[in-house]
Amino acid sequence: MSRPTSLTPPPEAVVPQPHPDAPSPGTELGEHYSDCFGCGEAAPGGLRLRTRAGEGVSVDAEFTVTAQHQGAPGLAHGGLLTCAFDEALGAIGYMLHTTAVTGHLETDFRRPVPVGSTLYIHAWCEAVAGRKIYSRAVGRLDAADGPIAVEAAALFVSVGLEHFVDNGRAEEVRRVLDNPDLIKSGRAFEVNP
Ligand SMILES: CCCCCCCC/C=C\CCCCCCCC(=O)SCCNC(=O)CCNC(=O)[C@H](O)C(C)(C)COP(=O)(O)OP(=O)(O)OC[C@H]1O[C@@H](n2cnc3c(N)ncnc32)[C@H](O)[C@@H]1OP(=O)(O)O
């Protein structure tokens with residue numbers, strides 16, 4: 001048996017159910033913050049990941065690689081592909097009605113991802129133990145059943161709104177508190193009243 005890592009759920013972990021108020025499968029989740037590099041429309045060069053609720057505690061996301069996302073000529077940068085997975089895995093919090101941040105994230109790159117291709121990401125939660133959320137994701141090239149290009153596994157940790165208010169730069173925090181529409185879907189405010 002392989003050695004437990006920080007991505008191994010502890011024995012007390014449970015397989016989660018979607019929150020009773022979780023969006024139904026297919027619902028667009030929208031950007032969580034307009035300046036988010038992963039999903040925000042206002043972020044220059046951002047990934048503009050589009051995410052929908054999936055079956056159970058899962059989400060489906062799509063990301064089209066542009067020339068701004070290159071690492072090698074005509075190929076996506078691995079760190080930006082990891083960013084797409086961070087974003088998709090983070091959206092799982094929406095299905096559980098919690099706001100969660102990445103504690104640990106691992107990415108396996110199986111195939112090069114060319115500029116112009118679309119990555120179809122399916123991310124799902126395997127287990128929850130207290131504030132710890134254990135999730136996995138797979139990214140396929142150019143179709144939901146295309147060849148696997150990237151796989152990821154993560155531990156997210158649930159946090160309250162104070163995580164963002166206390167740690168974010170005051171300028172942006174004030175801007176968002178003054179204009180909650182910048183958190184477009186209202187996700188964070190709905191889940192942390
Ligand atoms: C302005 C107002 C409005 C704002 C609205 C905002 C809306 C936002 C909406 C939605 C947000 C979603 C955003 C998605 C974006 C994509 C996701 C990202 O990229 S997030 C950025 C990258 N990640 C970080 O910056 C985390 C930095 N780290 C931390 O802040 C802390 O380390 C944190 C919160 C992860 C844990 O700190 P602790 O003090 O709360 O808790 P402890 O006790 O240390 O950990 C809890 C449990 O988790 C384990 N744990 C924590 N980190 C671990 C790790 N790296 N590996 C293994 N285990 C870990 C610990 O061992 C502990 O486990 P045991 O309960 O003892 O069993």
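Me: In what order do the six strands of the open sheet come?
Reply: The order is S1-S2-S4-S5-S6-S3, with antiparallel pairing. Strands are DSSP runs of E, at least two residues, and helices are runs of H or I, at least four, both numbered from the N terminus. Two strands pair if DSSP finds at least two bridges between them. This is a predicted model: local features need pLDDT of at least 70, side-chain atom pairs count only at pLDDT 80 or more, and totals for chains, interfaces and linings use all residues. Residues are numbered from 1 along each chain as its sequence is written.

Me: Which are the edge strands?
Reply: S1 (50–53) and S3 (99–109), each pairing on one side only.

Me: How many bridges join S1 to S2?
Reply: Four, and S2 covers residues 58–64. Arg50 stands opposite Glu62 in S2.

Me: Changing topic, which residues of the largest nonpolar core touch the most other members?
Reply: Val59, Ala84, Phe85, Ala88, Leu89, Ile92 and Ile121, out of 42 residues. Such a core is a set of buried Ala, Val, Leu, Ile, Met, Phe, Trp, Tyr and Cys residues joined through C-beta atoms within 7 Å. Buried means that 20 or more other C-beta atoms lie within 10 Å of the residue's own, with C-beta atoms placed from the backbone.

Me: And which element gives the most to this core?
Reply: H1, with seven residues.

Me: What does Ala84 touch?
Reply: Gly38, Leu47, Leu49, Phe63, Leu119 and Ile121, leaving out residues up to four places away in sequence. Contact here means C-beta atoms, placed from the backbone, within 7 Å.

Key
Buried ≥ 20, exposed ≤ 12 C-beta atoms within 10 Å, placed from the backbone. Contact = placed C-beta atoms within 7 Å.
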